[in-house]
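Please keep the sequence and the coordinates open while reading.

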Amino acid sequence: MRLILFSLTLACGLWAQDPFQVKVTGRGRPVILIPGLSSSGETWDTTVARYKDRFECHVLTLAGFAGVPRIPAPMLEHVREGIATYIRKNKLDHPAIVGHSLGGFLALDLAAHDPDLPGRLVIVDSYPFLGGVGDPKATLETVRAGVAQMRTYMGSQTQDMYERYVKSGLSTRTMVEKESDFERIMAWGLASDRTAVTDAMAELFSGDLRDDIAKIKSPTLVLGSYIGFPGATREGVEANLRTQYAKLQGVEIQVTDKAHHFIMWDDPEWMFGHMDRFLKPVAGSK
């Protein structure tokens with residue numbers, strides 16, 4: 001196992017900062033694992049344990065999250081460009097990319113912008129248009145006012161207010177089944193930079209890749225969940241996923257009946273079963 005501090009120099013040439021930290025474990029074909037909002041790369045510990053004998057796992061922790069210093073906005077664009085640079089710099093041959101939540105959005109964005117770079121994609125509980133998760137009829141225009149209000153509110157928080165909100169679990173407690181897993185998420189949130197969290201949320205919910213995903217060439221597996229989301233049903237979530245991913249040719253969509261948002265923790269055997277099958281051609285290729 002090795003830890004890489006990867007630096008991306010922006011086009012201005014006056015500022016350099018790490019868009020993420022990378023921990024590399026295992027051997028075999030490369031796979032990049034991207035965690036979600038405020039999350040550490042430790043999100044993928046059990047996933048790495050399963051695949052490290054078949055894949056060289058490049059696990060990211062994004063700038064601003066879980067103790068990693070933040071970078072200026074636009075955060076997600078800089079991270080996406082950083083991942084593309086990392087793949088080229090390290091000569092990774094069509095790495096599989098596994099992304100959870102915000103990480104799934106980044107995986108889709110990368111594959112749409114640089115369709116020849118990645119191999120297979122595994123998208124864990126994420127959508128091309130996160131603003132349309134709660135309301136499938138939402139458009140960018142209808143969510144922009146809410147995003148602006150969210151940015152204003154979060155930007156006005158003191159550090160103490162931010163920490164009390166994280167500890168309350170109002171936005172995270174229903175994302176996992178076990179109390180111990182919630183404690184992990186809360187600790188990562190407290191170690192995250194509130195400006196980075198604000199930037200990431202505003203950019204995420206202002207992004208709409210529903211048309212862009214038509215450019216993706218990678219075979220894509222989408223794993224969805226509905227448990228823990230107020231008012232959500234399996235039928236409604238599956239219908240929304242199929243609508244949002246309609247322009248991604250050949251996409252495979254599966255929905256768990258057991259897991260909350262962190263599928264890799266709540267229903268690992270279900271998730272790994274689908275990943276084993278989907279990634280088997282990658283592990284066996286030359």
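The numbered points below take up the salt bridges, a helix pair and a strand pair.

1. The model is a predicted one, in which local features need pLDDT of at least 70 and side-chain atom pairs count only at pLDDT 80 or more, whereas totals for chains, interfaces and linings use all residues. Residues are numbered from 1 along each chain as its sequence is written, and side-chain values use heavy atoms, with hydrogens and water left out.

2. The structure holds 21 salt bridges, a salt bridge being a side-chain nitrogen of Lys or Arg within 4 Å of a carboxyl oxygen of Asp or Glu. One of them joins Asp 276 to Arg 50, with the closest N and O atoms 2.6 Å apart. This pair links distant parts of the chain, since Asp 276 lies in helix α10 (residues 268-284) and Arg 50 in helix α1 (residues 45-51), 226 residues apart. Helices (H or I, at least four residues) and strands (E, at least two) are DSSP runs numbered from the N terminus.

3. Arg 50 is partly exposed, at a relative accessible area of 30%, where buried means under 20%, exposed over 50% and partly exposed in between (1.4 Å probe, protein chains only). In the salt bridge between Glu 81 and Arg 80 (3.9 Å, N to O), Glu 81 is partly exposed at 32% relative accessibility, while Arg 80 is buried at 11%.

4. Asp 160 and Arg 164 also form a salt bridge, their closest N and O atoms being 3.0 Å apart. The two residues are about one helical turn from each other, because they stand four residues apart in helix α5 (residues 159-168). Elsewhere, salt bridges that share partners join Arg 234, Glu 238, Arg 242 and Asp 257 into one network.

5. Helix α2 (residues 75-89) and helix α3 (residues 102-113) have axes that come within 10 Å and cross at roughly 60°; axes are lines fitted to C-alpha atoms, for helices over the stretch in contact, and angles run from 0 to 180 degrees between N-to-C directions. Residues in contact (heavy atoms within 4.5 Å) include Leu 76, Val 79 and Arg 80 of α2 and Leu 102, Phe 105 and Asp 109 of α3.

6. Strand β5 (residues 96-100) pairs with β6 in the parallel sense over four bridges, pairing requiring that DSSP finds at least two bridges between two strands. Val 98 has Val 122 in β6 as its bridge partner. From β6 (residues 121-124), Leu 121 and Ile 123 point one way and Val 122 and Val 124 the other, and all are buried.
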